[in-house]
Amino acid sequence: MTGGPRFDDQRRRALAGAYLTGAGQYDRVRPGYPAGIADWVVPPRARQAADIGAGTGIFTGLLADRSLEVTAVDPSEDMLAVLATRLPGVPVLEGTAEHSHLPDASMDLLTLAQTWHWCDHPATVREAARVLRPGGRLAVLWNQLDVSLPWVHRLSRIMHAGDVFSPAYRPSFGPRFAPPEDVLVRWTQELSVPDVVDLARSRSYYRRATLTLRRRVEANLHWYLTDYLAFTPEASLRLPYYTHAWRAPLLPT
C-alpha cells in the first residue's frame, strides 16, 4: 500500500470536514468520470448499488444511468441537497464509509469515488463486507491531475492539490475480498482560467486556509496561468487527468 497519503485519524477527519459545505462550487468545477469506468465497475446482473461519499452525485449519476437502484450516502447535508436536485429519483442517506446505515447484505455494488483517501480503510472494508450480498462488488476510484507533465505538476503544487495516490498504489481490501483488479484511464477536462481558480477554491487546503493563505494561492494561480503560461483571462485549459479504479468481489464465508 505504498504511494498513499499518510494521515492520522484526526488529520483525515479535519481535512474531510472541509467538504461539509460549499457544494455548489464543488459540483460546478470538479471533474466527472469517463463513462467506461462505470461500465467496468458495475458487475453483471447487479440491481442495487450504494455510492458512498456520493457528494453532489457526480459518479452517482453514472450508476443511475445504468438502470441500477442507487442509494447515495454522504455525511454532508449540503452535498446531498445538490445531489437531490441533480438526481431527484435517487434516495439519499446521511452516513459515512465506516457507518453507512445501510441494511445488512442489501447491495450488489458499493462504490467509493474520490472517497477512499478520507476513510479509515479497515473500518470501511468491514462495513462493505456487511452491506454487500455474497458475491457483491466493492469498487474504489479517484481522479488525479496527471502530474507527469511538468506544467501540471507545478499547477498542482500551487493549488496544493498534489497526488493523493501514486499510480503504483494498491489498496488493500483485506481477506473478505478477492485481490482487487484495476484499470487506469487518461482523459482531459476543459476549464476556463476562472474555473481553474475555483477548482483550487474547492479543495480542502484552500477551504481550511486563512484569508491570507487563500489570497496567496489565488495570486500565485493568476500569475502562473496568465503571466507564466500566457493564457488570456478568458482562455480555456485542457487539464489532463487520469482515473484509477479498483474492483473486487466479496468472497464466500
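The protein exposes about 11900 Å² (Shrake-Rupley method, 1.4 Å probe; for residues, only the protein chains shown count as cover), and carbon and sulfur atoms supply 52% of this area. The structure is a predicted model, in which local features need pLDDT of at least 70 and side-chain atom pairs count only at pLDDT 80 or more, whereas totals for chains, interfaces and linings use all residues. Residues are numbered from 1 along each chain as its sequence is written, and side-chain values use heavy atoms, with hydrogens and water left out.

Ten helices and seven strands are present; helices (H or I, at least four residues) and strands (E, at least two) are DSSP runs numbered from the N terminus. Of the 253 residues, 52% are buried, where buried means under 20% relative accessible area, exposed over 50%, and partly exposed in between (1.4 Å probe, protein chains only). Among contacts (heavy atoms within 4.5 Å) between residues at least 6 apart in sequence, 77% join residues at least 24 apart.

Helix α5 spans residues 77-86 and has Met79, Leu80 and Leu83 buried. Seen down the axis of α5, the buried residues fall within an arc of 95°, taken from the directions from the helix axis to the C-beta atoms, so they line one face of the helix. The face turned away from the buried side of α5 carries the exposed residues Glu77 and Thr85. At the N-terminal end, α5 is capped by Ser76, a side-chain oxygen of which lies 3.3 Å from the backbone nitrogen of Asp78.

Arg126 is located in helix α6 (residues 121-131) and counts as exposed, at 57% relative accessibility. The C-alpha atoms of Arg126 and Ala97 are separated by 9.7 Å, the two residues being 29 residues apart along the chain.

How values were computed
Polar contact = N/O pair within 3.5 Å; in protein donor to acceptor, adjacent residues only side chain to side chain.
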